Amino acid sequence: MANVIVIGAQWGDEGKGKITDLLSKSADVVVRYQGGVNAGHTVVVQGQTFKLHLIPSGILYPETQCIIGSGTVIDPKVLIGELDQLKELKISTANLMISQTAHVTMPYHRMIDQASEERRGDFKIGTTGRGIGPTYADKSERTGIRILDLIDPEVLREQLHWTINYKNAILEKLYNLPPLDPEAVIEEYLGYAERLRPHVVDCSLKIYDAVQHKRNILFEGAQGTLLDLDHGTYPYVTSSNPVAGGACVGAGVGPTMIDRVIGVSKAYTTRVGEGPFPTELGGTLGELLCDRGAEFGTTTGRKRRCGWFDAVIGRYAVRINGIDCLAITKLDVLDELDEIKVCVAYEIDGQRCEDFPSSSRIFANCRPIYETLPGWKQSTADCRTLEDLPSKALDYLKFLAELMKVPIAIVSLGASRDQTIIVEDPIHGPKRALLHPDGTPVSV
């Protein structure tokens, strides 16, 4: 048995959906522990593309139990849309469970999110406008609506009448927006409640029972380490904790139940939205990475900013999350390059710095210090073992592993399930590591 957390080791969009889907084959339970519809996972199976925002990627395996945990915020309309989409595609959702204590995103959350972002002007954060921040704010303010409130008509009416009148004052007086009709919202959400009611469970209890029965449990987060509310590039962050520690809170389990943490990183770096990005590339090279990597957001369609691999944020992610193995994705995107740069440290006010700074102001002034490696100039898309890789591609992977002092367990070479090299199975134990944890390369 192994209970494994899959986290993004960059700014999100690292390909966690594919990695979660691959590992879900060996998992009995998959738990989504934070975030909302601001996240998106794209999974390609036998040429068919699935875009999921709330439902865990493990739903594509009919025997796997999938749980949307307490740390998530749920937009019922979007979730029902996903359920309907999967039904049309003949994918069973009978094993989907929703935590009764997860919070609900309401129409006023979306309206406030979008209006607030517009008001920020030059200081905008880059929010998706899906109401995630305001939903978490209400959760902290203790005025939120939880799933267990949603499925209780009497409680929902009582809470929403007060809350919507309160939010209407904000919408009208602060943002000059039209008020919401409480009765219309209540009736709409009572309809959602009936669709979701059969899936509602005590999330923590279900997971605890699975642990007691020695099931394999996979915990998947949304976004990435550098978007964490406490440990990311604040204020250009999300409103929850994507880091590994957030899995325990968002799923309702103790830390002693976690066995491994796998970090997912692209072979380069991307970022969507606002905020500093030291290795960002402009011009032809940035466009090449964007085009070859299909770097457009699953949720918003926004074009992602692209840059070289940043080992400083990689080492930071290893430290913050306790990562013990890595999945490197989109190696194939680099196939055409003559040379590839890796940021190994920053220059700050003339001084070399190998650690990630907490201040966004300082981070914005970091200049990357690069080491340059030769490209391999041949396709890796059909490689299925380490021996299939061009020697320079293998050297590149070894270099990344040496920099971060963590073994690489999985290498992804495309969107499809089969375009993957499994070096080590994080759930069922090691096969062989591309790099020992002490940093010593292994001959392959």
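Does Asp13 count as buried, exposed or partly exposed, and at what relative accessibility? I looked it up: Asp13 counts as partly exposed because its relative accessibility is 23% (buried is under 20% relative accessible area, exposed over 50%, partly exposed in between, with a 1.4 Å probe and protein chains only).

I noted that this is a predicted model, where local features need pLDDT of at least 70, side-chain atom pairs count only at pLDDT 80 or more, and totals for chains, interfaces and linings use all residues. Residues are numbered from 1 along each chain as its sequence is written, and side-chain values use heavy atoms, with hydrogens and water left out.

Backbone entries. I found Asp13 in the loop between strand S1 (3-8) and helix H1 (16-24), with a positive phi near 60 degrees although the residue is not glycine. Lys377 also has a positive phi, near 55 degrees, and lies in the loop between strand S18 (367-374) and helix H13 (391-404). The peptide bond from Tyr234 to Pro235 is cis, omega near 10 degrees; Pro235 sits in the loop between strand S10 (217-220) and helix H9 (245-251).

Whole-chain entries. I read 13 helices and 20 strands (DSSP runs numbered from the N terminus: H or I of at least four residues, E of at least two). The C-alpha trace spans about 65 × 50 × 40 Å along its principal axes. Buried residues make up 57% of the 444 residues. Of the contacts (heavy atoms within 4.5 Å) between residues at least 6 apart in sequence, 76% join residues at least 24 apart.
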